[in-house]
Structures are given as structure tokens and as C-alpha cells.
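Biologist: I should like to go through the assignments in this structure one by one. For each term, please set the value against its definition before drawing a conclusion.

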Amino acid sequence: MESIVFIIYLAFMLGIGVFFFVKSRNGGEKDYFLGGRQMGPWVSALSAGASDMSAWVLMGLPASIYAMGIGQAWIAIGLAIGYTLSWVFEAPRLRKFTIAANDSITVPQYLSNRFLAKNKALQIVCAVIFLVAYTIYAASSMKACGTLFHTVIGIDEKVAMYIAAVVILVYTFLGGFNAVCWTDFFQGLLMLAALLIAPIFALAVINAGGGAASAAELPENYWNLFANWKDIVSGLGWGLGYFGMPHIIVRFMSLRSDKDLKKSAKIGIAWNVLIVIFSVAAGCIGHLLMGEIADSSTVFIQMVRKLFPALISGILLSAILAASMSTADSQLLASASAFASDVYKPVFRKGKASDKEMLWACRFVVLAISVVAVIIASNPNSGTIMGLVENAWGLFGAAFGPVIMLSLFWKRFNFAGALSGIIAGALVDVLWLVCLSHLGIYEIIPGCAAGLIVSVLVTLATPAPGKDVCDLYDSVDAIE
């Protein structure tokens, strides 16, 4: 029965892709990459959330809470704070700035247009980081699909990864941004329902005496939120990622109006806070319900299968499939749009590519990244789901977060500062991960610090932007 539910769910996702392919097959790159800036508040809010909360929120974070205790909840706290601040401070100005900056449809394009730059170096550097980070990020989603199908249905993990990749590829390939947002909308609702229902039912069973582990049997300091200062600092550092996460902030750019943005912010923040709270609850309640299990990443899966009959568990476990697919599709589209719009068209085709050619270039990149992501995910040495997400999240946050925020709120900021800041943030993040990860501090923190410092110093050491750039900055306040 669970496998039948999965098949129906996958068919529904494919149907959305086909629908938007038929509906918008005559549209241009703006329709494919940004939905024509016509996204409503509910779709944008849940799409932004679902594209953020990949399978790690149903498998990775509960696994960390299950294994190491409530101290890992600082990740959830950091994410809730960062997400809220990004909607309140970043979203309104970014939406207006992308319109003023020659109606930019990608983050690299916005950063170049923000400084009226003819130099393509910034766009190329951004596109390269996109391709690397999104391939790693997408691999985590593919790995989650493999674990889910193997645990529930018993099929080979690699085969499951191939199936999931094909479904994601098809509806992203066909429908573009509209298909991605609408599938994310339904998947966001399903994720929230699953995370609300499972822990509440599990807690009721535990209170009735059906738990396998008592509080006394849990590891020392399991319930101590303040046991380790490094967990606190690193957990809060996760919130920095939101300011530079392209597949999330592109939703800010797609909204129809400032009024819709305010409504979308309320919906999105509420959804995010509920999701992270109940993700933490799933980990600790799952430990009390089932005691010790061999693979902590399956705690949510095993909890659901223990509590509910096959039909209900199939629906709830589809939330993991939803979480994996909703993030992977957004990542594929964001990286492909960056390459097609910011490298292929201006560098390889010198601005002469037609809309149809651009769409096919984008689709080729979607295919290439999907193949590489599956190869990484199928490698047993590629790391955990949470580990892959952590690496990609840190790289994006360090490279783009400080630069995007400075571009929105500092009139003196210039092209040289932006380019230097992106490179410095990315390099420090990677070097810290490779050389200093044993210190226990999440690499996004030194990466963001380096990006911010270098951006400011280089900007102050180089000529101020011209009058035309300053006029563009001033024009943003007039946009509705």
C-alpha cells in the first residue's frame, strides 16, 4: 500500500510539470526562470519554505536530535531567526532592486546589474559556485530518496535514486519555475502535516506507556540545551545562510507586489517556525518511542510506520519524498538559470541566444547536474544527508549573504567589493571545512565574516560608484 501511495504521488508531481509545459510553452526565459513575476503570496511562501527544508528536516535534523540530544536544537533556532530576518529585511528591498536593476531574473544577474557592470567576471564566478554547491545539495536530496525507498519498499537505494532523479528532472525540465513553485506548494503542505501529526501521535502513545526508552536511559545531558557552547554558536550560524541562498531568495524576486510580499512573509515565517519545532520534536520523541535503532537517519520513517497503518504511513512518508524533491527541483532550476543567463548567453553566445535556445541550454544543465548529483549520492563515502546539506548551505551563505545585504543597504558598495567578497567568503568557507573543521565551529561563520570584511575593505579602497549607479540605488524607493 505504501508503494502505491508513492507511485500516485510521483504521478501527481509529473502531472503538474506537464500542465505548466502546455500552459507556458510559448513563454520566454523570464516565464521559465521566474514565473513572469506573477507568484501569489501562498505559493511563494510555501515554495520558499519547501525549497529550503529538504529531506534533512525530516531525516537529518531529527537524526541529530535523536543521537546527540536537544543541544542540536540550536540549528532549528538559528534557522527560525535567520528565515524571519530574511523576509523582514532582505525580501522587500531585493524584490524592488531586481526590478530596478534591469528586471534581473537571477541572483548573479542582479549583482552585475546593481553596479551597471559590463564586466562578466562576477556572473561567471557566481555561476561556478552555483554549479558546485547545488550539485552537492541536490545529492543530499537524492540520497534521502534512496534511503526512503530502501527502508520502506526494500528496493535498491541506487535504483530509488535514479527513479527520483527522473521524476524531478521531468517536471523541472518541462514546467520551469511555475511547475517548481506549485509542486513545492503542495509538498510544503504535506511536510507540515506529517511533522505535526507523527510526533503528536507518538507522544500520546508514550504517555499511555507505549514508549521503549525512559528518560533515565537517555545519554547524559540529552535534555541540556546549553551543554556545549560550540553547538550554540554553530547552530545560530545556520541562520546566516538564508541571506545568500539563491533558490530561496529568488522567491522574493518573483512576487507580484509589495502587498503580496507582506502577506507571504507572515505565511512563510509561521510555516518555518512550525516545521523546525516539530522536526526537533520528532527526534527526541522518536528516541523515547523506539529506544535505540541502528540507523538514526530513519527515526522519522520508523516512527511513522510503527504508529500508523500502511495507507496513512504511505501518505505521511511521502512528505520525505516531497521534502527531497521540493529542494532538488529548486536547486536544479536556480543553477541552470544562472549558467544559461549569466554564462551561456553573455559569454558563449555574446547575447545572441534566442529564448528557445536559452531554455534548451537551461535544460541541458538541469540534466547534467542531476546525473552528477546521483553519482555523488550513490557513493557510500559521500557523507550523511545532513553533512551534504551543511556543506552546500555554508558555501552559499558565506559567498553571497554579506554581499547581497551590502548591495541592498549600502549606497557606497561597488563592483570590486562585491566580487572580492564573494570569492573571499567562498574560499574561507571551503578552507575552514578542509583544514579547521575539527575545531567544531560551523564554517559558515568564518566564511561570512571574511566575506563581509573583504567586501567593505575593498569597497573603501577602490573608487566610489558613479552617479548612474547611485541614481539606480535611489530609484528603488519609488517602486511599488
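Modeller: I begin with Phe 115, which is placed in the loop between α6 and α7; helices (H or I, at least four residues) and strands (E, at least two) are DSSP runs, numbered from the N terminus. This is a predicted model, in which local features need pLDDT of at least 70 and side-chain atom pairs count only at pLDDT 80 or more, while totals for chains, interfaces and linings use all residues. Residues are numbered from 1 along each chain as its sequence is written, and side-chain values use heavy atoms, with hydrogens and water left out.

Biologist: What makes Phe 115 count as buried or exposed?

Modeller: Buried means under 20% relative accessible area, exposed over 50%, and partly exposed in between (1.4 Å probe, protein chains only). Phe 115 has 6% relative accessibility, so it counts as buried.

Biologist: Which residues does Phe 115 touch, not counting residues up to four places away in sequence?

Modeller: Contact means heavy atoms within 4.5 Å. By that criterion Phe 115 touches Ser 407, Phe 413, Asn 414, Phe 415, Ala 418 and Val 469. Ala 418 is 303 residues from Phe 115 along the chain, with 9.4 Å between their C-alpha atoms.

Biologist: How do you know that the end-to-end distance of helix α16 agrees with its number of residues?

Modeller: The expected span is 1.5 Å times one less than the number of residues. For the 21 residues of α16 (residues 415–435) this should give 30 Å, and the end C-alpha atoms are 30 Å apart, so the two agree. Among the buried residues of α16 are Phe 415, Ala 418, Leu 419, Ile 422 and Trp 432. The helices against which the buried residues of α16 pack are α6 (107–114), α7 (121–152), α15 (385–409) and α17 (444–461).

Biologist: What makes α5 and α11 roughly antiparallel to each other?

Modeller: Axes are lines fitted to C-alpha atoms, for helices over the stretch in contact, and angles run from 0 to 180 degrees between N-to-C directions. The axes of α5 (residues 73–100) and α11 (residues 258–290) come within 9 Å and cross at roughly 170°. Angles under 35 degrees count as roughly parallel, over 145 as roughly antiparallel, 65 to 115 as roughly perpendicular and the rest as oblique. The pair is therefore roughly antiparallel. Residues making the contact include Leu 79, Tyr 83 and Trp 87 of α5 and Leu 261, Ile 269 and Val 276 of α11.

Biologist: How do the residues of this contact divide into nonpolar, polar and charged?

Modeller: Ala, Val, Leu, Ile, Met, Phe, Trp, Tyr, Cys and Pro count as nonpolar, Asp, Glu, Lys and Arg as charged, and the others, Gly among them, as polar. The contact of α5 with α11 has 14 nonpolar, 4 polar and 3 charged residues.

Biologist: Why is the pairing of Arg 93 with Asp 477 called a salt bridge?

Modeller: The term requires a side-chain nitrogen of Lys or Arg within 4 Å of a carboxyl oxygen of Asp or Glu. The closest N and O atoms of Arg 93 and Asp 477 are 3.5 Å apart, and the pair forms a salt bridge. Arg 93 belongs to α5 and Asp 477 to the segment after α18 (467–475), so the bridge ties together parts 384 residues apart in sequence. Arg 93 is buried at 16%, whereas Asp 477, at 60%, is exposed.

Biologist: Which other residues form salt bridges?

Modeller: The structure holds 3 salt bridges. Asp 474 pairs with Lys 411, the closest N and O atoms being 3.0 Å apart. Because Asp 474 lies in α18 and Lys 411 in the loop between α15 and α16, this pair ties together parts 63 residues apart in sequence. Asp 471 forms a salt bridge with Lys 467, with 2.8 Å between the closest N and O atoms. Asp 471 and Lys 467 are 4 residues apart in α18, which means a separation of about one helical turn.
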